[in-house]
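Here is a short briefing for a first look. Please keep the sequence and the 3D view open while reading.

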Amino acid sequence: MMRTLDGQIAWVTGAGSGIGQAAALALAKAGMRVALTGRARESLERTADLVGAAGGQALVAPADMGVAAEVERAWNVVHAAWGRCDLLVNSAGLNVPQRGWSEITPAGIDAVVGVNLNGPFYASRAVLPTMRAQRSGLIIHISSWAGRYVSKLTGPAYSAAKHGLVALSESLNQEECGHGIRSCCICPGEVATPLLDKRPVPVTADDKGRMLQADDLADTILFVARMPTTVCVNEILISPTWNRGYLEGIKL
């Protein structure tokens with residue numbers, strides 16, 4: 001039986017756009033209070049407005065997910081306001097246009113790994129003491145198809161970071177299941193989000209329309225969040241039916 005989320009607390013990173021924004025709105029509609037984190041306060045405020053218009057309650061706590069001190073400060077804001085965390089959604093992510101081995105720079109590597117892998121480490125580490133004290137908690141990480149299949153399209157830094165995120169998630173289950181804490185890693189194929197605009201080769205509007213949509217991932221996150229606390233969904237691999245990697249020979 002799927003459980004109710006009324007009155008519970010969710011902290012969503014990358015909440016200013018894409019999957020994070022869609023997830024925050026879906027969770028708020030399901031009755032959760034949502035804390036919104038990302039780099040751009042204006043984008044977070046727009047998400048908060050959407051949550052408010054849907055009858056939900058949102059808290060804005062900006063941070064660069066690649067900077068540990070900023071993530072800790074954002075968590076302190078959330079904890080001071082609400083005192084608990086039932087769900088952390090690690091959705092913040094980025095990539096750089098110059099991503100192949102012949103192009104990527106140390107700054108590009110640091111940026112990609114910093115947000116896509118270090119950020120989930122920082123956020124998970126921040127919430128764990130509270131979740132342990134609660135004897136419950138769920139952490140959902142948004143990895144990638146590239147977290148399971150190495151991809152030239154996304155580049156070595158992104159592929160390595162997203163593979164690392166899969167390992168991070170399962171390590172949480174290994175160490176924290178005795179405290180009632182669960183971790184799920186969602187690995188989506190191509191999703192039509194603003195991140196696509198960073199690709200070296202533009203994606204057509206037709207192709208975007210056949211990809212997974214942010215709302216599809218929000219529904220997936222909501223499904224995992226509503227599962228009984230006795231159930232751990234360790235990992236979900238999800239892709240569009242019109243899979244360009246299969247149909248067009250693109251190494252996704």
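The expected span of a helix is 1.5 Å times one less than its number of residues. Helices (H or I, at least four residues) and strands (E, at least two) are DSSP runs, numbered from the N terminus. This is a predicted model: local features need pLDDT of at least 70, side-chain atom pairs count only at pLDDT 80 or more, and totals for chains, interfaces and linings use all residues. Residues are numbered from 1 along each chain as its sequence is written, and side-chain values use heavy atoms, leaving out hydrogens and water.

**Helix α7**
- Helix α7 covers residues 214–226, and its 13 residues should span 18 Å.
- Its end C-alpha atoms are 18 Å apart, which agrees.
- Buried residues (under 20% relative accessible area, 1.4 Å probe, protein chains only; exposed is over 50%, partly exposed in between) in α7 include A214, L217, I221 and A225.

**R41 and its contacts**
- R41 lies in helix α2 (residues 41–53).
- R41 counts as partly exposed because its relative accessibility is 45%.
- Leaving aside residues up to four places away in sequence, R41 touches V60 and P62; contact means heavy atoms within 4.5 Å.
- The C-alpha atoms of R41 and A63 are separated by 8.7 Å, and the two residues are 22 residues apart along the chain.

**Helix α8**
- Y246 is found in helix α8 (residues 244–247).
- Y246 counts as exposed because its relative accessibility is 62%.

**A loop residue**
- R135 sits in the loop between α4 (106–134) and β5 (137–142).
- Phi of R135 is near 65 degrees, a positive value in a residue other than glycine.
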